[in-house]
Amino acid sequence: MISVSVDIRDFAAFFIFNQKGEVLISRLYRTDFKRSIADVFRIQVVSNSDVRSPIITLGSTSFFHVRINSLYVVAVTKNNANAALVFEFCYRFINICKSYFGKIDEESIKNNFVLIYELIDEINDFGYPQNSEIDTLKTYITTESIVSSAIAAEESSKITAQATGATSWRRTDVKYKKNEAFVDVVETVNLSMSAKGTVLRADVDGHIQMRAYLSGTPECKFGLNDKLVIDKSQQGISDAVELDDCRFHQCVRLNDFDATRTISFIPPDGEFELMRYRSTSNVKLPLRVIPTVTEIGTTQVSYAVTVKANFNNKLSATSVVLRIPTPLNTTAVDCQVANGKAKYVPGENVVVWKLARLQGGQECTLNATADLTSTTHRQVWARPPIDVDFQVLMFTSSGLIVRFLKVFEKSNYNSIKWVRYLTKASGSYQIRVLLNAAMDGLCILL
Amino acid sequence: MAAPGQDAKFFQRGKIEEFRAELHAAEAKDKKFVKRKIVLKKIVANITMGNDMSPLFTDVVQCLGTPLLEIKKMVYLFLVSYGRSKPDQIHLVIPNFLQDCNDHNPLIRALAIRTMSYIPIPIVTDALNENLRHCLKDRDPYVRKTAAICVAKLYAADPRRAEKGGFVEMLRDLMLDSNATVVANAVAALSEIGDRQDGVIFKLNLATANKLLAALGESSEWGQIYILDSLLRYVPEKHADAEVMAERIIVQLQHANSAVVLTTIKALLYLMNYMENRRLIDYICKKMGPPLVTLLSSGPEVQYVALRNILLIIQRRPAVLKNDVKVFFCKYNDPIYVKLAKLEIMYRLARAENANEVLAELQEYASEVDIDFVRKAVRSVGRLAIKVEDASDACIQALLTLIETKVSYVVQEAIIVIKDIFRRYPGKYEGVIPTLCEHLDALDEPEAKAAMVWILGQFADKIDNADELLDDLLYTFLDESVEVQLALLTAAVKLFIYKSKSDKAKELVFKVLKWATEDVDNPDLRDRGFMYWRLLAINPTVAGEIVLAEKPAITTDSDRMDRGALDQLLLHTGTLGSIYHKNPETFIRNATGKALKDSPALNAHSRAVLVPVARTQLPPTTVNVPGPGPVESHDRADTPPLPDAPLPSKPTPPIPPEASGSAENEGDDDGEADPDDEPRGRTNDDPYSNLDGAFGNYTADEPRPMGAGGRQGDDEDLLF
């Protein structure tokens with residue numbers, strides 16, 4: 001039978017491959033594919049060393065893939081699929097696996113493949129993503145053996161009402177002895193600084209993670225010291241933090257937010273991401289890095305890299321890791337640091353300098369000399385930027401503060417709320433480097 | 001919380017006979033059905049690995065007797081995989097299906113119809129029909145929402161039957177269901193049916209559209225996408241209708257799911273075509289910017305989708321993101337596809353105010369390692385010079401610095417763009433020509449070589465040793481690609497016109513004309529050779545005027561896509577078509593196109609550029625017979641043998657002179673004039689022809705569907 005495929009939005013097959021290209025999960029939602037479609041993906045993507053797009057279209061068939069821990073999560077379609085939806089679905093699937101199995105890798109997929117088939121049939125029907133709220137799924141898709149007649153009719157009606165209801169993310173029968181809510185404001189600072197020390201780009205990706213252990217059906221109201229800037233030219237003077245944009249978990253009533261800027265919602269039970277936001281104004285940079293890189297003849301490069309903690313001295317940065325790139329023909333690097341540990345990692349062509357703790361206001365310097373082999377012709381060295389990872393507790397780069405979190409529930413219980421702030425960088429706090437020639441101080445481009 | 005499974009041990013290839021024996025053994029003594037569960041798991045693992053387990057059909061369906069839900073689900077999975085190939089045995093399970101369809105547990109009812117509808121063979125479909133009708137009216141919303149999708153499956157298998165069964169009408173009723181999830185799935189199913197070329201037409205009127213919007217707030221995120229997407233099936237009759245609707249959905253831009261955001265943007269862009277209120281349009285544009293930027297903090301795959309869409313959106317609505325070029329600066333560790341997409345947006349958003357920042361970034365990128373990225377960065381520097389006059393000095397400086405690196409592909413890219421810069425700013429930068437000439441030997445790519453040859457010819461009067469340089473290049477004339485040959489031919493003619501007294505120039509031009517007309521098979525080259533020859537022979541002065549005629553100014557205007565085409569493409573925001581910047585019907589078999597529908601509310605601008613749906617149909621499953629050579633148009637390739645022109649020491653017209661009148665061909669035509677023109681020639685009325693405009697004919701990294709041509713063989717394998 002040949003089915004005519006048409007311009008709908010979604011996908012027709014779903015696969016998980018391991019690194020070798022073996023199929024770990026294969027679910028064909030539509031009859032227009034044979035399983036052999038998996039071989040095409042294996043050839044085109046898994047065994048291709050230079051894959052330059054997460055989407056590949058061959059003829060009328062398109063493959064979308066997301067890589068995670070050396071697995072490929074793949075959706076296949078013969079339609080003009082909604083690409084954003086397909087990727088969001090893949091991300092969601094990955095999150096569900098993490099929540100169910102604690103991790104997602106080849107081992108956990110193989111250990112739970114039957115359950116995964118059950119899950120993907122529940123969260124996707126004929127290529128259309130369906131309810132994928134983890135909390136709800138866990139009420140009826142479990143590893144325990146259930147005798148089908150054992151689920152009482154009322155019980156399953158409750159489940160189905162929840163899976164299709166307006167608050168599909170929450171069970172109604174949640175009970176806690178102690179009602180608590182934890183709010184984590186986590187900010188990731190992105191920095192791109194030129195070699196001359198000018199900020200090319202600095203912004204904050206923030207997200208507010210909530211762990212709600214609240215009984216019943218709590219109605220929450222949440223307040224921040226924010227204001228949304230739609231038009232940058234209309235900036236007023238106030239201490240409020242300017243957010244360029246925010247996005248909310250589906251539990252938040254967007255109409256309320258639009259009208260009154262209050263964030264009101266009935267939270268899912270347990271952990272979830274309440275909101276994401278972005279800020280680009282007045283971004284406070286916790287760490288300042290001043291690199292001086294000097295070429296001494298053609299056989300040596302010397303480094304003096306200073307890092308300074310730019311925040312209140314009661315706070316401290318932890319897990320500070322600077323990755324300082326060295327030329328490709330480096331043979332050895334002599335590092336000297338008064339704080340932390342620094343060593344040269346030849347495989348990655350970087351000096352890694354780790355500082356367990358850096359107190360506010362503190363300043364540390366690394367001095368290093370890299371020896372180079374003399375090569376007949378210079379290899380192209382892309383001069384990667386210095387990359388800094390760190391965490392600073394109780395600090396927000398944007399200046400965002402939680403003003404209040406109120407919980408209303410009909411049983412009128414008291415609840416305890418905890419707020420924590422964390423600012424971090426991982427792989428996106430970058431300072432570019434210039435090579436100074438020692439002789440005349442001229443900047444040269446490699 | 002579920003305990004982690006331990007099933008990996010079942011993930012091994014096994015034999016049909018072993019499994020059959022194990023299943024039989026389990027029938028005798030199987031406490032809590034543990035044995036059966038294990039065998040079934042092994043079987044499911046083998047299905048996954050691609051082993052054909054269908055011979056076990058009768059053995060596996062026996063397990064349906066066990067009351068364990070887990071076992072039932074595995075058997076159903078088996079049936080979904082092999083049911084279609086066993087039309088003669090499927091009747092064995094029909095009673096089980098029917099029993100489950102009437103189970104008191106809604107989850108089981110839904111499971112039964114969901115599974116049945118995955119097995120599109122008549123015997124199952126017949127059994128399903130009546131039950132589906134009940135399930136569409138089930139009191140449980142979970143069953144109804146599952147049933148809605150079943151209708152789409154039924155329709156995919158047999159449209160006529162589904163229509164006759166009255167299922168489409170029932171779906172229409174479900175759009176007014178009290179449960180938002182049911183509404184959303186009904187909309188999804190109707191959309192799929194409505195998109196079929198042979199399907200019923202699915203349109204929304206204002207009342208229904210409003211009802212759907214009412215369900216939006218209670219829908220799951222996926223449901224919101226189905227509903228928002230369906231709004232494109234509603235054609236506003238009044239400006240106010242479009243405006244009110246846009247105001248209702250605009251809050252969805254704040255949703256955490258990027259697909260909800262992009263689909264909302266699609267709907268807003270669509271509705272804006274039917275609006276008149278300038279202030280509201282401006283407001284919506286302003287509101288769209290920040291959420292688009294926020295998409296760039298999603299995973300790289302979603303970032304990529306967002307970037308390709310942003311590239312389209314800013315062409316249609318330049319107000320969006322016009323001050324945000326910085327957010328598109330590349331991070332060192334961005335994946336290459338993200339970097340390439342960002343680069344294009346940076347170029348689009350560049351203007352006098354931010355040109356310096358953009359240039360500094362581009363220079364930074366030019367020292368990275370990915371060749372495609374570096375090339376595109378270098379090319380962008382040149383395009384920036386052409387686009388922003390104030391920045392041209394700095395750009396030329398940057399290009400010269402890059403040329404000094406002597407990295408072959410960097411030099412070549414730089415020369416290609418410098419040629420265009422010469423044309424954009426005549427008389428301003430010719431001083432750099434000597435520097436370029438130093439790098440002649442580094443050029444090994446046709447486009448770069450042709451560009452350099454063009455420069456040599458065009459400025460032969462300013463380059464003292466142009467004749468020598470050209471002579472060197474001519475050594476390999478016969479081995480060059482046509483692009484370079486054409487350039488060499490024209491350059492030699494220009495040289496001769498500039499320096500007609502020079503014996504060397506005469507010798508060169510004669511040599512080239514002789515090769516072009518005698519030794520080369522390419523008809524274009526030969527024709528052009530004859531044309532020049534004739535021109536020179538008849539009237540060298542006129543020839544000079546023609547060959548060195550004033551060139552039309554080069555601009556970056558052609559970079560922008562035709563507006564009507566953009567309007568149409570934006571109807572596919574967020575989809576594959578928006579990634580490739582192609583309408584789906586042009587690269588997906590059987591896809592239907594979309595076009596804006598006229599209505600009294602359609603604003604005059606949008607109406608003026610309205611593009612009807614292209615009726616292009618991709619060829620139906622072509623069977624490609626591998627055989628010799630491409631089937632080119634024989635009628636033209638076999639041009640008659642060369643005219644028996646004797647080739648005297650001085651060029652004389654080999655063919656009668658009257659033909660020469662038609663050889664004007666708008667002055668300069670040495671293949672570089674406007675790269676965009678080349679593809680357009682054949683499809684003049686194609687509004688998409690300048691789609692790749694911004695980077696000339698440089699499309700090495702342009703995302704595009706593969707297949708067709710030589711790969712057709714593979715392609716067919718994908719089909720069924």
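This report walks through two chains of a predicted model, from overall make-up to single residues.

Residues are numbered from 1 along each chain as its sequence is written, and chains are lettered from A, ligands numbered from 1, in the order in which they are written. Local features need pLDDT of at least 70, side-chain atom pairs count only at pLDDT 80 or more, totals for chains, interfaces and linings use all residues, and side-chain values use heavy atoms, with hydrogens and water left out.

## The two chains

Helices (H or I, at least four residues) and strands (E, at least two) are DSSP runs, numbered from the N terminus. Buried means under 20% relative accessible area, exposed over 50%, and partly exposed in between (1.4 Å probe, protein chains only). Accessible areas come from the Shrake-Rupley method with a 1.4 Å probe; for residues, only the protein chains shown count as cover.

| Item | Value for the chain |
|---|---|
| Chain A, secondary structure | seven helices, 27 strands |
| Chain B, secondary structure | 35 helices, zero strands |
| Chain A, buried | 60% of 446 residues |
| Chain B, buried | 59% of 720 residues |
| Chain A, accessible surface | about 17600 Å², 50% from carbon and sulfur atoms |
| Chain B, accessible surface | about 29200 Å², 52% from carbon and sulfur atoms |

Contact means heavy atoms within 4.5 Å. Take the contacts in chain A between residues at least 6 apart in sequence: 69% of them join residues at least 24 apart. In chain B, residues 24 or more positions apart account for 70% of the contacts with a separation of 6 or more.

## A sheet in chain A

Strands of a sheet pair through backbone hydrogen bonds, either parallel or antiparallel. Here two strands count as paired if DSSP finds at least two bridges between them. Five strands of chain A make an open, antiparallel sheet, in the order β2-β1-β5-β4-β3. Strand β1 (residues 13-17) of chain A runs antiparallel to β2(A), and five bridges join them. One bridge sets A:Phe15 against A:Ser26 of β2(A).

Helix α2 of chain B covers residues 34-49, 16 residues in total. From first C-alpha to last it reaches 23 Å, close to the 22 Å expected at 1.5 Å a residue. That expected span is 1.5 Å times one less than the number of residues. The helix is largely enclosed by the rest of the structure, because 12 of its 16 residues are buried. Among them are B:Val39, B:Leu40, B:Ile43 and B:Val44. What do the buried residues of α2(B) pack against? In chain A, they meet β2 (23-28) and α4 (113-123); in chain B, α1 (16-28), α3 (57-62) and α4 (69-82). Just after the helix, B:Gly50 takes a positive phi of about 95 degrees.

## Two buried residues

B:Thr115 sits in helix α6 (residues 106-117) of chain B. This threonine is buried, with a relative accessible area of 4%. A polar atom of its side chain lies 2.7 Å from the backbone oxygen of B:Leu111. Not counting residues up to four places away in sequence, B:Thr115 touches B:Tyr76, B:Val80 and B:Phe97.

A:Cys364 belongs to strand β22 (residues 363-372) of chain A. This cysteine is buried, with a relative accessible area of 2%. Leaving aside neighbours within four places in sequence, its contacts include A:Val305, A:Val307, A:Trp353 and A:Leu355. A:Thr172 is 192 residues from A:Cys364 along the chain, and their C-alpha atoms are separated by 54 Å.

Technical notes: A polar contact is a pair of N or O atoms within 3.5 Å; within protein, one must be able to donate a hydrogen and the other to accept it, and residues adjacent in sequence count only if both atoms are side-chain atoms.
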